[in-house]
Amino acid sequence: MIKTNLSAYGNSVGRIIALYGGKNDIVSARKLFEELPLRGVDTYNSIIIAYSRKESPFEVLGLYNQMIKEDVRPDSSTFTVALKACVSLMDLKMGEEIWRKAVELGYGNDVFVGSSMLNLYVKCGKMNEAMVAFEKMQRKDLVCWSSMINGLVFNGQPREAVDAYKRMKKEGIDADEVVMMGLIQACADLGDSRFGLSVHGYSIRRHLNLDVKVQTSLVDMYAKTGHLDLASHVFKNMSRINIVTWGALISGFAQNGLAGSTLELLMEMQSCGFEPDSVSLVSALLACAQIGFLKLGKSIHGYTVRRFDFNLVLGTSVIDMYSKCGVPSCARALFDQMQSRDLISWNVIIASYGIHGHGEEALSLFLQMIETMVKPDHSTFASLLSALSHSGLVEEGRYWFDLMVSKYKIQPTEKHYACMVDLLARAGEVEEALKIVDSMSTEPGLAVWVALLSGCHNHKKFSIGEKVAKKVLKLNPDDLGIHALVSNFFAMEQKWEEVAGVRKTMRKSGMKKVPGYSVVEVNGELHAFIMEDKSHNQYEDIVYVLKKLYLEMRAISSWLQGHMEEHEEHDPLSTAAQYAPTYYLKIRL
């Protein structure tokens, strides 16, 4: 063909370029393309598609622009492949320019071009523009519906994704595996296990190919909606399992508070030859935080530093673990070492000081965060208000609660109200706390009323407390501790009939108090202690040491009190200051 003049063969040259491209010989394809004196749309499409298959979006768009300059009229294939290149580069500006050209040349209603533009809007997060383009399409195929449904899920609109699926069904289009995967994710985000079961059943009835991706999505959905038995069932019946599947199951157990099972699954995964990834390690750190397993948490920290780039997600998880395992100093040291911090990492460290009762430090960190131009969100203020509540910083709590609404335009949720009510009620400002409850735009939940009742109980505010106690009972709490609080309040007020009524309700419902217990880690082993439990194998030794410590503290206390009484008539304050350091030193020893 070269010897007998290439240009004489017309479209056949385009087919040879396509053959070279199909054989992954892009160099020969491009050389042949450049040798042609005249190039038509078929020739351009052949070389553009060849570069598209090699995932070379810059070359695709360069050839498209060259084509326009040479006044070669693009067709449906040209526009479709060029828009696909824009998706790869997330280049919305170029994509919209190509789309305008397509509309100008009469391809505005072409289903392939339209679905490509729709996909670009979706991938760039422009869901409003995507919806407008979608509604204008005269013909919508499965690919268009799939792009729209998955785009809505990806951009945090799961309810709209489900509605789109229902519309698709009404138009008589059956879903495929890609649509099912998007719907399963939507169910997980909505916490709608009922619809999730329906989607799963539909997939089975339609004999859809439930590959590892779809089945992993099912494991994730069931785990996130609390159906761990179903998640485990799907997991165990999978013919092929990858690291993502393991991560989904482990994460589900961790998020549902089953720390022991989480750590067991992590070990089982390793025994099956899988190395933990960042998802499973974050779940393991969460499990360690839940049960205070500091030694294992430290080991996981070391493992992540040796094996992974210590990114924001892992770093924040380690900080949270140290905080909840009672080592806030390590949490702060790690936080200070982080090269970059996002809003979540700031929220975690602020909450860390809050749970340990260091409200002033939490406020100091909050102010530092604002100075770094990180904008606080509702979680930040919840952590801050909780910290101020635990530290009794009433004025600071009032100030920042008001500023949250007026300056940062964050509407208080029940958690924020509960923190403020708790803060005021602890300080005895029960009347003000009640005003805040009355100002709520939604019906106050149990947490708000219990916080108020606790304040009424502690500060003997009987008139308000009685109304609050009755309100709490109307909400039918299944927590025995809350019933005990109500009973104790009525007893303090000497309302014996009400006390009897509460106790009768408790007996009638068959409620049993789940005993609280303390867990102490010693040499990597967890020891649990329940009140009046004598089953520990070192019980006698523990009692002996506790009695010895008690007697020593009594002796030191008596000695200190005697010396203080002897000198208090001269200067009681200086006497206390003189002997207090000695007292504390002996206690520490």
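Predicted model: local features only at pLDDT ≥ 70, side-chain atom pairs only at ≥ 80, totals over all residues.
Biologist: Which residues do ring pairs link into a cluster with F366 and W400?

Modeller: Two rings pair if their centres lie within 6.5 Å. Through such pairs F366 and W400 belong to a cluster, and the other members are F381, Y399 and Y408.

Biologist: How many aromatic pairs are there, counted by the rule for ring centres?

Modeller: The rule takes the rings of Phe, Tyr and Trp and asks for centres within 6.5 Å. By this rule the count of aromatic pairs is 13.

Biologist: What kind of pair do F235 and W246 form, and why?

Modeller: Planes over 60 degrees apart count as edge-to-face, and planes under 30 degrees apart as stacked. The ring centres of F235 and W246 are 4.8 Å apart and the planes stand at 70°, so this pair is edge-to-face.

Biologist: Which helices does the pair of F235 and W246 link?

Modeller: The two residues are eleven residues apart, and the pair links distant parts of the chain. F235 is in residues 228–236 and W246 is in residues 243–255, which are helices α14 and α15.

Biologist: What is the angle between the ring planes of F366 and W400?

Modeller: F366 and W400 form an aromatic pair with 4.9 Å from centre to centre. The pair is edge-to-face, with an angle between the planes of 80°.

Biologist: How many residues apart are F366 and W400?

Modeller: F366 is in helix α22 (residues 359–371), and W400 is in helix α24 (residues 394–406). The pair links distant parts of the chain, at a separation of 34 residues.

Biologist: Which residue lies over the face of F335?

Modeller: A charge sits over a ring if NZ of Lys or CZ of Arg is within 6 Å of the ring centre and within 35 degrees of the ring normal. Over the face of F335, at 4.3 Å from the ring centre, lies R341.

Biologist: At what distance from the ring centre of F195 does K166 lie?

Modeller: K166 lies over the face of F195. Its distance from the ring centre is 5.9 Å.

Biologist: Which residues have the most contacts inside the largest nonpolar core?

Modeller: The largest nonpolar core has 163 residues. It draws at least three residues from each of domain 1 (1–136) and domain 2 (341–411). The residues with the most contacts inside this core are I47, I98, Y165, M180 and I349.

Biologist: How far apart are the C-alpha centres of domain 1 and domain 2?

Modeller: The protein chain is divided into domain 1 (1–136), domain 2 (341–411) and domain 3 (534–560 + 571–579). Between the C-alpha centres of domain 1 and domain 2 the distance is 53 Å.

Biologist: Where does E55 lie?

Modeller: E55 has a positive phi of about 55° although it is not a glycine. Most residues other than glycine have a negative phi. E55 is exposed, with a relative accessible area of 69%, and lies in the loop between α3 (41–53) and α4 (57–69).

Biologist: What is the relative accessible area of H207?

Modeller: H207 lies in the loop between α12 (193–205) and α13 (212–224). Although not a glycine, H207 has a positive phi of about 55°. H207 is exposed, and the relative accessible area is 70%.

Biologist: Which helices are included in what covers the buried residues of α9?

Modeller: Helix α9 (residues 142–154) has 13 residues and reaches 18 Å from its first C-alpha to its last. Among its buried residues are W145, M148, I149 and L152. The cover over the buried residues of α9 includes α7 (111–123), α8 (127–136), α10 (158–170) and α11 (177–190).

Biologist: With which residues is S383 in contact, leaving aside its neighbours within four places in sequence?

Modeller: S383 lies in helix α23 (residues 378–391). S383 is buried, with a relative accessible area of 16%. Its contacts beyond those neighbours are N347, I350 and A351.

Definitions and conventions
Residues numbered from 1 in each chain as written. Heavy atoms only, no water. Phe/Tyr/Trp six-rings, centres within 6.5 Å; stacked < 30°, edge-to-face > 60°. Helix = DSSP H or I, 4+ residues; strand = E, 2+ residues; numbered from the N terminus. Core = buried A, V, L, I, M, F, W, Y, C linked by side-chain atoms within 4.5 Å. Buried < 20%, exposed > 50% of the residue type's maximum accessible area, 1.4 Å probe, protein only. Domains from an automatic or database assignment. Expected span 1.5 Å × (residues − 1). Contact = heavy atoms within 4.5 Å.
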